[in-house]
Amino acid sequence: MRHGMRMARRTNLLLPEDLVREVDRVAGPRGRSRYVAEAVERQLRRDRLRKAFESTFGALDPADHPEWSTPEKVEEWVRERRAEETDAGPAATQAKQE
């Protein structure tokens, strides 16, 4: 691993000179490859998320989920779900009392 990167493949990219100068100013000329690789990885993550959102948009019918009809109802729904996960139930309450 060179510069903390995974297996690397040398490539040739054409970038505007002012962009390269700015990258070098921020990352240093010896950090250019890592900086560009990290920026590309971030953008790829965003692009994959956007594609997932777009491909699943409308998958749920709002009429089937009235509990999500307003931000307040969503907050209430989340609180209830979290309480279910953290509530140990009657058996744990009984054990504490004994």
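Which residue forms a salt bridge with R81, and how many Å apart are the closest N and O atoms? R81 pairs with E84, and the closest N and O atoms of the two lie 3.1 Å apart, a salt bridge being defined as a side-chain nitrogen of Lys or Arg within 4 Å of a carboxyl oxygen of Asp or Glu.

## Basis of the report

The structure is a predicted model, in which local features need pLDDT of at least 70 and side-chain atom pairs count only at pLDDT 80 or more, while totals for chains, interfaces and linings use all residues. Residues are numbered from 1 along each chain as its sequence is written, and side-chain values use heavy atoms, with hydrogens and water left out.

## Overall architecture

The protein chain has four helices and zero strands, and its pattern along the sequence reads α-α-α-α. Both kinds of element are DSSP runs numbered from the N terminus, with helices (H or I) needing at least four residues and strands (E) at least two.

Of the 98 residues in the protein chain, 5% are buried; here buried means under 20% relative accessible area, exposed means over 50%, and partly exposed covers what lies in between, with a 1.4 Å probe and protein chains only. The protein chain exposes about 9500 Å², of which carbon and sulfur atoms supply 55%, the areas coming from the Shrake-Rupley method with a 1.4 Å probe and, for residues, with only the protein chains shown counting as cover.

Side chains of opposite charge can pair when their charged atoms come close. By the rule stated above, the count comes to six salt bridges.

One of these joins the side chains of E17 and R21, at 3.8 Å from N to O. The two residues are four apart in helix α1 (residues 17-27), which means that about one helical turn separates E17 from R21. E17 is exposed, with a relative accessible area of 63%, and R21 is exposed as well, at 52%.

Helix α1 also holds E22 and R25, which lie three residues apart, about one turn of the helix, and whose side chains meet in a salt bridge at 2.6 Å from N to O. E22 counts as partly exposed at 38% relative accessibility, whereas R25 is exposed at 61%.

R81 is partly exposed, with a relative accessible area of 25%, while E84 counts as exposed at 53%.

## Aromatic and nonpolar contacts

The structure holds one aromatic pair. It is formed by W68 and W77 in an edge-to-face arrangement, with 5.2 Å from centre to centre and 85 degrees between the planes. Under the rule used, rings of Phe, Tyr and Trp (its six-membered ring) pair if their centres lie within 6.5 Å, and planes over 60 degrees apart count as edge-to-face, those under 30 degrees as stacked and the rest as tilted. W68 is partly exposed, with a relative accessible area of 34%, and W77 is partly exposed at 28%.

On the surface, L13, L15 and L19 form a nonpolar patch with about 270 Å² of accessible area together. Patches consist of residues with over 30% relative accessible area and no salt bridge, like charges being joined within 9 Å and nonpolar side chains (Val, Leu, Ile, Met, Phe, Trp, Tyr) within 5 Å. L13 is found in the segment before α1, and L13 is exposed, with a relative accessible area of 52%.
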